[in-house]
Amino acid sequence: MVLTFDPFREFDRLAGQMLGAPGVGGGTAVAMPMDLYRSGDHFVLHCDLAGIDPGSVNVDVDGRVLTIRAERSARTDADVQWLRRERVTGTFERRLTLGDGLDLTKIDATWQDGVLTVTIPVVEAAKPRRIEITTGRAPALQPADQPTIEGESKSLAD
């Protein structure tokens with residue numbers, strides 16, 4: 001069964017309308033929209049940062065928290081008469097708590113065409129692995145290895 005009504009999304013939309021937040025299609029605008037997915041042995045995060053100077057972008061890891069901070073400066077042209085202004089300016093921040101099994105020392109960040117891509121590798125120990133099954137007889141129990149019945153000192157072989 002698929003729910004078409006999300007009460008939390010509706011609450012966010014109504015709060016945005018009441019508080020005057022800029023909207024896109026009636027919803028609340030996200031200053032730093034992102035996609036996050038796993039591809040093989042690493043996670044990939046894409047953040048859309050159009051119109052932001054790549055030099056103003058910081059990617060930090062503190063403990064298990066990944067923080068992306070960016071700044072979009074407002075136009076300061078004195079002779080501009082604004083007709084509509086929807087692009088949010090200022091400092092934006094996204095924080096993600098990273099789970100166990102990630103190699104935080106090998107996080108890589110690249111910038112291309114206004115998109116920040118952060119790659120987070122999975123540690124070797126957390127990668128899925130296949131356990132080979134061998135065939136053959138199970139090793140026989142030696143007399144000292146045989147289990148005893150609780151309360152009796154005799155082994156099961158006696």
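**Exercises on a predicted model**

The lining of the second largest pocket consists of two nonpolar, three polar and six charged residues. The model is a predicted one, in which local features need pLDDT of at least 70 and side-chain atom pairs count only at pLDDT 80 or more, while totals for chains, interfaces and linings use all residues. Residues are numbered from 1 along each chain as its sequence is written, and side-chain values use heavy atoms, with hydrogens and water left out.

**Exercise 1.** State which residues line the second largest pocket, and give its volume.

*Solution.* A pocket is an open set of points on a 1 Å grid over the protein atoms alone, where a 1.4 Å probe fits, with protein on both sides within 12 Å along at least five of seven lines; lining residues have an atom within 4 Å of a point. The lining is Gly-51, Arg-72, Ser-73, Ala-74, Arg-75, Trp-82, Arg-84, Arg-85, Glu-86, Arg-87 and Thr-89. The volume, the space filled by probe spheres set on the points, is about 170 Å³.

**Exercise 2.** Describe the largest nonpolar core and the contacts of Ile-68.

*Solution.* Such a core is a set of buried Ala, Val, Leu, Ile, Met, Phe, Trp, Tyr and Cys residues joined through side-chain atoms within 4.5 Å. Buried means under 20% relative accessible area with a 1.4 Å probe, protein chains only. The core has 17 residues, and those touching the most other members are Met-32, Cys-47, Leu-49, Ile-68, Leu-116 and Val-118. At least two core residues come from each of the strands S4 (42–48), S6 (65–72), S7 (90–97) and S9 (115–121); strands are DSSP runs of E with at least two residues, numbered from the N terminus. Beyond four places in sequence, the contacts (heavy atoms within 4.5 Å) of Ile-68 include Met-32, Leu-45, Cys-47, Phe-92, Leu-116 and Val-118.

**Exercise 3.** Is Thr-67 buried or exposed, and what does it touch?

*Solution.* Thr-67 is in strand S6. Thr-67 counts as buried because its relative accessibility is 7%. Leaving out residues up to four places away in sequence, Thr-67 touches Asn-58, Val-59, Asp-60, Glu-93, Arg-94 and Arg-95.

Notes. Ala, Val, Leu, Ile, Met, Phe, Trp, Tyr, Cys and Pro count as nonpolar, Asp, Glu, Lys and Arg as charged, and the others, Gly among them, as polar. Buried means under 20% relative accessible area, exposed over 50%, partly exposed in between (1.4 Å probe, protein chains only). Helices (H or I, at least four residues) and strands (E, at least two) are DSSP runs, numbered from the N terminus.
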